[in-house]
Amino acid sequence: MLIARQVDSPRHSTSHRRQKRSFVFMLLPALLLIVGIMFFFLQGIARSFTNEKSYIRNPTFVGFDNYVALFSDSTFLVGLGATMLYVLLVLMLQIPLALSIALLLDKTSFMRRIGRNLIVLPLLIPPIVAGLMWKTMMQPSAGVLNFILSSIGLPGGSWLTDPATSLLSVVLIDTWAFTSFSTLIILAGLQSLPKSLREAATVDGAGWWQTFRHISLPLLMPYVVLVALFRVADSLKQFDLIWPVTRGGPLNSTRLLHVQGYEEAFRFSSPAMAMAIIFVLWIIIYLASFLLLRLWRRTVNAVD
Amino acid sequence: MKTRHTLVAAIAAFALLGSACTTGGAVEQNLDNPGTDLRSEETYDPRAFEGESINILLIEHPFVDTLRPLIPGFEQETGITVNLEVLNEQQGFDKLQADLSAGSGNFDVFMTSPLQNWQYSAAGWVEPLDGYVGNDGITMPGYDFDDFAPGILNSGRWTLEPLTGLGEGPLWGLPINFESYNLTYRPSMFEAAGVEVPTTYEEVLVATELLAGSLSGNNYPVVTRFDKYWDLTYLTFGSMAGAYGVTLLDEDGEVGIASAAAVEATELFIDIIKAGSPDGSSAFTWYESLQGMTSGRFAMALNEADLFAPTYENVSESVIADDVGYAMIPEGPEGRSAGAWIWQMSMSSSSENKGAAWTFLQWLTSPDVLMETHLAGNMNPVRLSAWENEELSALVETWGAEPGQYRKVLAETAKIAEISVPPHPELTRALNRWAEAIQQSYFDGNVKENLESAAADIESILR
């Protein structure tokens, strides 16, 4: 490979020079981006090792004190657990749902035309609006959800007002708001699958389930994992849906880490603690994305 | 006439418990005194800052509606443009804090309270006002600074020393109203159930259970705020805790919220709510409380703000105007206790229009303008002279199930109302943590355990 390129290079000298030039042109924005992001990122990490608070005029370095305090603080640990549970619930609900809707939409061209237009509607609504809309509908005594449930003879729920059901209720809102995004990606995957394979399987006498299980699903896996990657990263840092709906409550039931970070920074004026929480969250997101990307590559290789 | 004087005397004697804890040698603040050299002229000129424009953040409150109609008059008189932004309490304070901490000075003047100002002033975000008040070139003649009820005015002073020095040091805000807490009830509902208005917290539970039996449909015995927010433990439940001898810091300066008496008070409070409030009451803020009461669905508002009275009594906003009474806040084993809340206006230290901002502040808190807001429903007056006003007295006299009922209750309440928490920049956080423990107990019933865990956290927050 190396030898081949060396042999090739004299013949492509103009394009090589052009490549070099474009490399220089790209260097500046890349540097700006890296410096711009890395500076604040590193500054944030540095701040998490101080005792900075709005009323402490001269913050000093306190080593790992903030992190030690975090991992011995019940609120943080509950928030860490709630964040993990949130992600798990999102995946368990949204991936099967998105897959089913995508399969349904893929079935006929009529469904596809109508359904694809309808399904993007939640995506056009800002999460804050979606959240407030659902908050009104989930209101236990005056909300429309309990009204509908009672009119068909089912008991109403406490939804967002009970710590036992609030996290699941927010996950339901999240599902309403973001499943269409996942559906669209999986649908695109479905439509890119070679028809011939499935037709061949049908000709060989395979049923719908067998065709799906052994042919479509393995081929779709890269898309499913991609959806999981997006949803995991987004749900781990979910904030704009939760804050207007529950502000982390009732109790700490929806106080995910991002909410806690926000509160530390903007309610309690403790940027150091906020940065510590956000840095822990960043590590979790980084690790999750890293693992999912590896899984994604493996599924892509498997398809190839 | 005599009763009116009792009221003035009671309000004049408003106490700051925090100041009682002050150690003798409070640190002398060596702050420079801004505002003294803002304008060199000797006499006041309302148009001195003509053409400037100021942004004001107000927290949704009955006061705001009384202020709005007066703004055009101010703009005309001074040539200053006023931009009002009104937000609900939690959003408003969040936005204010974001603005103040960024030092961008978007808001020149903001609505606040001692509790918030302990956080803001310690961070250097609030302009001390003494220099402005003392400068005759920018403060109108007849402003009469000494007319403010001393305790209420001094609640805006703090030396910036944690846990002490309240009522001393620089003035961080000027008061616009104060509230304390009472038991507001519906005479018709109590009569129908054959229940007497309760005078102790134990009786409140009994009355709640009896009312629950007689009320039907969407009507409930009790409404009170019950959010996981500092106002619960500072004001409403805080008042009940006081009647059980429970305060955030006890006499020895220890966190006192997990004592046997605290457990008893918390259990009783939760029992009352469970017996008398609808589902979802665990998220009620003061707003739901006020709306719930004015909608006529509740038989009593327990330990709620007395300054809701003008809204209750206003036929265009309330269906209970003809059927509402006021009683003293209930008694506990240690007597009666009532929290005090003072709304203030402060100036941002990063404001770029301090002259115009002060012109607005002193205009708003001047005797005449405050009087106009009081007559429109901004309760309770913070200037002693306001209570001598015939028109206001006549208006207030009509409030309640019998003539003079509101005034009598207020006069008695003012004698016991006090700020019973020590000043600290992170006090809201400590009070939030306490409120969380109470709410948690509502759901899981482990009162003692939850209060002990909150007490430990508060200990590390405050020290």
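Ala338(B) touches Ser180(B), Tyr181(B), Ser239(B), Ile329(B), Thr413(B), Ile416(B) and Ala417(B), residues up to four places away in sequence not being counted, where contact requires that the C-beta atoms of two residues, placed from the backbone, lie within 7 Å. The structure is a predicted model, in which local features need pLDDT of at least 70 and side-chain atom pairs count only at pLDDT 80 or more, whereas totals for chains, interfaces and linings use all residues. Residues are numbered from 1 along each chain as its sequence is written, and chains are lettered from A and ligands numbered from 1 in the order in which they are written. Ala338(B) belongs to strand β12 of chain B, strands (E, at least two residues) and helices (H or I, at least four) being DSSP runs numbered from the N terminus. With 26 C-beta neighbours inside 10 Å, Ala338(B) counts as buried; the term applies when 20 or more other C-beta atoms lie within 10 Å of a residue's own, while 12 or fewer make a residue exposed and values in between make it partly exposed, with C-beta atoms placed from the backbone. Between the C-alpha atoms of Ala338(B) and Ala260(B), which are 78 residues apart along the chain, the separation is 21 Å.

The strand that holds Ala338(B) is part of an open, parallel sheet of three strands in chain B, ordered β1-β14-β12, where pairing requires that DSSP finds at least two bridges between two strands. Because β1 (15-16) and β12 (338-339) of chain B stand at the edges with a single partner strand each, one side of each is left without a neighbour in the sheet. Two bridges connect β1(B) in the parallel sense with strand β14 (residues 417-419) of chain B, and Leu16(B) has Ile419(B) in β14(B) as its bridge partner. Elsewhere in chain B, strand β2 (residues 53-59) is largely enclosed by the rest of the structure, because six of its seven residues are buried. β2(B) pairs in the parallel sense with strand β3 (residues 81-87) of chain B over seven bridges, Ile59(B) standing opposite Leu87(B) in β3(B). Parallel pairing also links β2(B) to strand β4 (residues 109-112) of chain B, over two bridges, with Phe110(B) in β4(B) as the bridge partner of Leu57(B).

Chain B is divided into domain 1 (2-16 + 46-178 + 341-402) and domain 2 (181-339 + 426-462), the bounds coming from an automatic or database domain assignment. The centres of the two domains of chain B, taken over C-alpha atoms, are separated by 28 Å, and their contact takes twelve residues from domain 1 of chain B and 15 residues from domain 2 of chain B. On the side of domain 1 of chain B that touches domain 2 of chain B, the largest share, three residues, comes from α6(B). By class, this side of domain 1 of chain B has seven nonpolar, five polar and no charged residues, with Ala, Val, Leu, Ile, Met, Phe, Trp, Tyr, Cys and Pro counted as nonpolar, Asp, Glu, Lys and Arg as charged, and the others, Gly among them, as polar.

Between the chains, 21 residues of chain B are in contact with 15 residues of chain A. Helices α5 (89-102), α6 (114-122) and α19 (427-444) of chain B each supply at least two residues of the side that touches chain A, and the largest share of that side, five residues, comes from α19(B). The side of chain B that touches chain A comprises seven nonpolar, eight polar and six charged residues.

Within chain A, helix α10 (residues 208-236) and helix α13 (residues 271-303) pack with their axes 8 Å apart and at an angle of about 175°, axes being lines fitted to C-alpha atoms over the stretch in contact and angles running from 0 to 180 degrees between N-to-C directions. α10(A) and α13(A) are therefore roughly antiparallel to each other, a term for angles over 145 degrees. The contact of α10(A) with α13(A) has 22 nonpolar, two polar and no charged residues.

Most residues other than glycine have a negative phi, and most peptide bonds are trans. In chain B, a cis peptide bond with omega of about -10° joins Met379(B) and Asn380(B), and Asn380(B) lies in the loop between α16 (367-375) and α17 (390-397) of chain B. Asn303(B), in strand β10 (residues 298-305) of chain B, has a positive phi of about 50° although it is not a glycine, and is buried, with 28 other C-beta atoms within 10 Å.

Methods
Parallel < 35°, antiparallel > 145°, perpendicular 65-115°, else oblique.
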